[in-house]
Amino acid sequence: MNVQTFRARTIQEALAQVRRSLGPEAAVLHTREVNASGPLGWFPALRRIEVTAALGVNVPSRLPAPEALDAPQPSSVAPPSVGKRAVAPSRHSMHDEVKGQLNELQALVENLCRRTRPNQAAELPDVLFRLYTDLLDVEVGEELARELVERARTTIARPGLDDLLLIKAHLAGMLEEEISITGPLAIHPGCCRRVSLVGPTGVGKTTTIAKLAANYRLREKRKIGLITVDTYRIAAVEQLRTYADIMDLPMQVVSTPREMRQAVRAMAHLELVLIDTAGRSPKDEVKIQELKSFLAEAETDEVHLVLSVAAGASTLRRTAECFADVGTSALIFTKLDEANSFGHLLPLLRDCRLPISYLTDGQNVPDDIAAAERSRIAQLILGTDEHVTGAQR
């Protein structure tokens, strides 16, 4: 069976395509109104009629076959009522009936098209179409891409709609207004600041802790201490201990909430205590609650959720939702060097509404980390960040 789908502006054009491609014996299986370019459905001028047809399909007819009109009726068929003459409909009358039904269907479809198609001025300019496809390429979801294109179309003066770079710069400015950042960790003399990093396994929490410790200890000459509760991965503990030895930092390993309380008290004289935690699966509610009890004993001032931007949008969203229960106050995005695009971060930022503190893009300590900036995050989302795009090329 040869099944094909055809699209055209009108039902007549679609049926003409069916006849040209499949011949007069083709059977129409389905008709509907669609959007010619898929997700661009909010631009009315792009609506089309879709007809699905096939060869080799026996479509039952509600009308009797021509040869059956003159054939004798089986004995099982009840005779016509007494006093009434049974008259078989003529082929001509049946043809007129079918033609009338098709004309009626065509009129209904065209009327629907007229009602859903405002004036042609609403057509999408070529530059905005390029913007839309560019947004899809950097993993901005279809719905958000439509929203951003529509915002550009309604907020930028007509001459500016011919310049793609200008449009993206305009959108970047609008996104910056939505993005919240914390700035670098604030340290005040005579006050001990306790900051915990939490998140799934493998997102780079320990390496990020080392980067932060190195920057504050070696570059800013601050009094820093390290605590780790990552007793599930021995290698992680040894990795952090190695960094602590190199930087001459006090470090304690704790395995119970009570030990956490004691370790925090022992480091109360320091300016900044960075707390590394074991990776937790967002699906493991027991471990999440265990982590919550550790953080409660630590009396942390800030809880930064560490997320790898290489993860998908749905994974990031679920992770943020699950870790919200431990009191997350900021986001750290890691592994920028491992991601090809960043548009999927936009729905996360809108949903969780947490500020961003740091971005990391490599394994080098103390380098490959920077305090988050609104402008760079907006450029990452739109795919216009020169640092990342240049490195990827």
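## Packing of two helices

In this predicted model, helix 5 (residues 142-155) packs against helix 12 (residues 345-352) at an angle of about 90°, and their axes lie 11 Å apart. Angles of 65 to 115 degrees count as roughly perpendicular, so helix 5 is roughly perpendicular to helix 12.

Helix 5 contributes Leu-144, Glu-147, Leu-148 and Arg-151 to the contact. From helix 12, the residues involved are Leu-346, Pro-347 and Arg-350.

In soluble globular proteins, nonpolar side chains tend to be buried together. The largest nonpolar core of this model has 51 residues, of which Leu-131, Ile-167 and Phe-333 touch the most other members. The element that gives the most to this core is helix 6 (residues 164-178), with six residues.

When neighbours within four places in sequence are left aside, Phe-333 is in contact with Leu-307, Val-309, Leu-345, Leu-348, Leu-349, Ile-356, Tyr-358, Leu-359 and Thr-360. There is also a second, separate core of 24 residues, which includes Ile-209, Tyr-216, Leu-249 and Ile-332.

Strand 5 (residues 224-228) is mostly covered, with five of its five residues buried. Ile-224, Leu-226 and Thr-228 point one way from the strand, while Gly-225 and Ile-227 point the other way; residues of both groups are buried.

Two strands pair with strand 5. With strand 7, the pairing is parallel and extends over five bridges; here Gly-225 has Val-273 of strand 7 as its bridge partner. Strand 6 (residues 251-253) also runs parallel to strand 5, and three bridges join them. In this pairing, Ile-227 stands opposite Gln-252 of strand 6.

## Glu-271 in its loop

Glu-271 is located in the loop between helix 9 (257-266) and strand 7 (272-276). Is this residue, Glu-271, buried or exposed? Its relative accessibility is 12%, and the cut-off for a buried residue is under 20%; Glu-271 therefore counts as buried.

The side chain of Glu-271 makes a polar contact with the side chain of Arg-222, at 3.1 Å. Not counting residues up to four places away in sequence, Glu-271 touches Ile-187, Pro-189, Cys-191, Cys-192, Arg-193, Arg-222 and Lys-223.

Technical notes:
Residues numbered from 1 in each chain as written. Predicted model: local features only at pLDDT ≥ 70, side-chain atom pairs only at ≥ 80, totals over all residues. Heavy atoms only, no water. Helix = DSSP H or I, 4+ residues; strand = E, 2+ residues; numbered from the N terminus. Buried < 20%, exposed > 50% of the residue type's maximum accessible area, 1.4 Å probe, protein only. Polar contact = N/O pair within 3.5 Å; in protein donor to acceptor, adjacent residues only side chain to side chain. Contact = heavy atoms within 4.5 Å. Pairing = 2+ DSSP bridges. Core = buried A, V, L, I, M, F, W, Y, C linked by side-chain atoms within 4.5 Å. Axes fitted to C-alpha atoms, helices over the stretch in contact; angles between N-to-C directions. Parallel < 35°, antiparallel > 145°, perpendicular 65-115°, else oblique.
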